[in-house]
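Please keep the sequence and the model in view while reading.

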Amino acid sequence: MAPRANWKGFLRLSLVTCPVALYPATSDTEKVSFNQINRKTGHRIKYLKVDAETGDEVTSEDIVKGYKVDTDTYIEVTKDELDDIALDSTHTIEIDEFVPKTDIDSRYLIRPYYLVPDGKVGHDAFAVIRETIRTMDKVAIGRVVLTNREHIIALEPLESGLMGTLLRYPYEVRSEKEYFDDIQDVKLTRDMLDLAKHIVEKKSGAFEPELFEDHYETALIDLINKKRSGAPIAAKAAPKTGGNVINLMDALKKSIASEKDMAPAAKATKETAKEAVRETVEGKKPKKRVEGQREMLLSIAGKGGKTAAAKEAPPKKADKPVRAPARAKKAG
């Protein structure tokens, strides 16, 4: 099923305009998620919208927005009133300016989106805007309305399309001063810095996100697999701590020694992971599974989570984790 656009409208640079669609560049739907259930019955919990004073359930048509001005005083704002103050950017991303990418503080970044031409028309105008941004080596700054709120969006070329990153407003970014003022000004020796740099050099490498593993997600899948198959759940041993660091120089030296011991094993593990990723991309079945990967069991029908057949025979595994289908998010 083709992904659904979060927003559709127009991209405009002065008098150059083209229809575009905005798609989320990230997704959490592949992660394991939980529902709240009643421990006694096993039924899913359902939430109702009720009047805080009377306790009566309130229907959707009787629910309006209200701004709290006092303990029990609210200013009611209707949908029509909100529509009246809607901005032009509701349907148009107007490019206001171009700035160097290095000027954008990373604290202002929220989330990335993909921007593509919408339909068969406007591809030439889209290409003109995209290549202009690319040749200028800058980021285009515009405005877009999502979920009824206006956001600043930074646009930059990404292959044949554009990547748009939502940006925070200044009032949403806290100043670092109130957090950093109490940090002590420490003088470090050259020897300490040299040892630390040596550790960094040993750990340096290329940015390869395809090798990242979500260890908590892996542990969740493993836990669910064990519970569905009836395997015993062993209590986790308390982690060993190295104790308090008494001498920083000794700690740095021990770190270098431990890095030397771990380097061959770490390199072999990384090469195995790379090979698995490479074969997966090429459409081949990996010869060796990356350490830590797990498969979710197929859904087991029947009350209590297991059928009689499931209890007698080992549960069958799916090719990949079984997860609930992603909900299509309505366009703002």
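The face of helix α2 that is turned away from its buried side carries the exposed residues Asp 124 and Thr 135. Here buried means under 20% relative accessible area, exposed means over 50%, and partly exposed lies in between (1.4 Å probe, protein chains only). Helices (H or I, at least four residues) and strands (E, at least two) are DSSP runs, numbered from the N terminus. The model is predicted, so local features need pLDDT of at least 70 and side-chain atom pairs count only at pLDDT 80 or more, while totals for chains, interfaces and linings use all residues. Residues are numbered from 1 along each chain as its sequence is written, and side-chain values use heavy atoms, with hydrogens and water left out.

**Helix α2**

- The buried residues of α2 are Ala 125, Phe 126, Ile 129, Arg 130 and Ile 133.
- At 1.5 Å a residue, the 14 residues of α2 should span 20 Å, and its end C-alpha atoms are 20 Å apart, which agrees.
- The expected span of a helix is 1.5 Å times one less than its number of residues.

**Helix α5**

- Helix α5 covers residues 215-229; its 15 residues should span 21 Å at 1.5 Å a residue, in agreement with the 21 Å between its end C-alpha atoms.
- Its buried residues are Glu 217, Thr 218, Leu 220, Ile 221, Ile 224 and Asn 225.
- They lie on the same side of α5, because they cover an arc of only 160° around the axis.
- On the other side of α5, the exposed residues are His 215, Tyr 216 and Lys 227.
- Asp 214 caps the N-terminal end of α5, with a side-chain oxygen 3.3 Å from the backbone nitrogen of Tyr 216.
- Such a polar contact is a pair of N or O atoms within 3.5 Å; within protein, one must be able to donate a hydrogen and the other to accept it, and residues adjacent in sequence count only if both atoms are side-chain atoms.
- Just after α5, Gly 230 takes a positive phi of about 80°.

**Loop residues with positive phi**

- Asp 137 has a positive phi of about 55° although it is not a glycine.
- Asp 137 is placed in the loop between α2 (123-136) and β7 (139-146), and it counts as exposed at 67% relative accessibility.
- Glu 159, also a residue other than glycine, has a positive phi near 55°.
- The loop between β8 (149-158) and β9 (161-167) holds Glu 159, which is exposed with a relative accessible area of 70%.

**Salt bridges**

- A salt bridge is a side-chain nitrogen of Lys or Arg within 4 Å of a carboxyl oxygen of Asp or Glu, and by this rule the count comes to ten.
- One of them joins the side chains of Asp 118 and Lys 8 (3.7 Å, N to O).
- Asp 118 lies in the loop between β6 (109-117) and α2 and Lys 8 in strand β1 (residues 7-13), so this pair ties together parts that are 110 residues apart in sequence.
- Another salt bridge is formed by the side chains of Glu 94 and Arg 12 (2.6 Å, N to O).
- Glu 94 belongs to strand β5 (residues 92-99) and Arg 12 to strand β1, so the pair ties together parts that are 82 residues apart in sequence.
- The side chains of Arg 107 and Asp 105 also meet in a salt bridge (2.7 Å, N to O); Arg 107 is partly exposed at 39%, and Asp 105 is partly exposed at 28%.
- Asp 96, Arg 143 and Glu 150 are linked in a network of salt bridges.

**A nonpolar surface patch**

- Val 186, Leu 188, Leu 193 and Leu 248 make a nonpolar surface patch of about 360 Å².
- Patches are made of residues with over 30% relative accessible area and no salt bridge: like charges are joined within 9 Å, and nonpolar side chains (Val, Leu, Ile, Met, Phe, Trp, Tyr) within 5 Å.
- Accessible areas come from the Shrake-Rupley method with a 1.4 Å probe, and for residues only the protein chains shown count as cover.
- Val 186 is found in the loop between α3 (177-180) and α4 (190-203), and this residue is exposed, with a relative accessible area of 55%.

Key: The arc is that of the directions from the helix axis to the C-beta atoms.
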